[in-house]
Amino acid sequence: MRKTKQEKLIEYEIVKRASEGDVDAINLVFAHYESYIRKLSLRPYTDEFGMTQFFVDYELKNRLETKLLEKILDFEAV
């Protein structure tokens, strides 16, 4: 089943609470973006047989998560 655009959005109240430092709300935002961050963190690797495989670059993943946390806390709710 395909998600509609409205189902992909995070509720404003969750973002507002996360920007105020609510740990549960921050975890919800991280859970929402978890698969996207993992996809961005994939790096190709060519093994000894010439096959390309992908692995998660955890250093890059941690940097992306840190940047997301910074942006959450910098968000100014209206």
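How close do the axes of H3 and helix H4 come, and at roughly what angle do they cross? They come within 10 Å and cross at roughly 145°. Bear in mind that this is a predicted model.

1. **H3 against H4.** Helix H4 covers residues 58–74, and H3 passes it in a right-handed crossing. On the H3 side, the contact is made by Ile-26, Val-29, Phe-30, Tyr-33, Ile-37, Arg-38 and Leu-40. These meet Tyr-58, Leu-60, Lys-61, Leu-64, Glu-65, Leu-68, Leu-69, Ile-72 and Leu-73 of H4. Sorted by class, that contact has 13 nonpolar, no polar and three charged residues.

2. **H2 against H3.** Helix H2 spans residues 12–19 and helix H3 spans residues 23–40. Their axes are 7 Å apart and the packing angle is about 120°, which makes H2 oblique to H3. The crossing of this pair is left-handed. Ile-14, Arg-17 and Ala-18 supply the H2 part of the contact, while Ala-25, Ile-26, Leu-28 and Val-29 supply the H3 part. By class, you get six nonpolar residues, no polar ones and one charged one.

3. **The buried side of H2.** Which residues of H2 are buried? They are Ile-14, Ala-18 and Ser-19. Looking down the axis of H2, these buried residues fall within an arc of 130°, so they line one face of the helix. The cover over them includes H3 and H4. Just after H2 comes Gly-21, and its phi is positive, at about 100°.

4. **Ala-18.** This residue lies in helix H2, and its relative accessible area is 1%, so it counts as buried. Leaving out residues up to four places away in sequence, Ala-18 touches Ala-25, Ile-26, Val-29, Ile-72 and Leu-73. Take Val-29 from that list: it is 11 residues from Ala-18 along the chain, and their C-alpha atoms are separated by 7.7 Å.

5. **Ser-41.** Beyond four places away in sequence, Ser-41 touches Phe-55, Val-56, Asp-57, Leu-60, Lys-61 and Leu-64.

6. **Lys-61.** Lys-61 lies in helix H4 and has a relative accessible area of 13%; the cut-off for buried is under 20%, so Lys-61 is buried. Again skipping residues up to four places away in sequence, Lys-61 touches Ile-37, Arg-38, Ser-41 and Val-56. As for Arg-43, it sits 18 residues from Lys-61 in sequence and 11 Å away in space, C-alpha to C-alpha.

7. **Glu-48.** Now for a residue at the other end of the accessibility scale. Glu-48 is found in the loop between E1 and strand E2 (52–56). It is exposed, with a relative accessible area of 65%. How far apart are the C-alpha atoms of Glu-48 and Ala-31? They are separated by 35 Å, with the two residues 17 apart along the chain.

Notes. Residues are numbered from 1 along each chain as its sequence is written. This is a predicted model: local features need pLDDT of at least 70, side-chain atom pairs count only at pLDDT 80 or more; totals for chains, interfaces and linings use all residues. Side-chain values use heavy atoms; hydrogens and water are left out. Axes are lines fitted to C-alpha atoms, for helices over the stretch in contact, and angles run from 0 to 180 degrees between N-to-C directions. Helices (H or I, at least four residues) and strands (E, at least two) are DSSP runs, numbered from the N terminus. Angles under 35 degrees count as roughly parallel, over 145 as roughly antiparallel, 65 to 115 as roughly perpendicular and the rest as oblique. A crossing is left-handed if the near helix is turned anticlockwise from the far one by less than a right angle, and right-handed if clockwise. Contact means heavy atoms within 4.5 Å. Ala, Val, Leu, Ile, Met, Phe, Trp, Tyr, Cys and Pro count as nonpolar, Asp, Glu, Lys and Arg as charged, and the others, Gly among them, as polar. Buried means under 20% relative accessible area, exposed over 50%, partly exposed in between (1.4 Å probe, protein chains only). The arc is that of the directions from the helix axis to the C-beta atoms.
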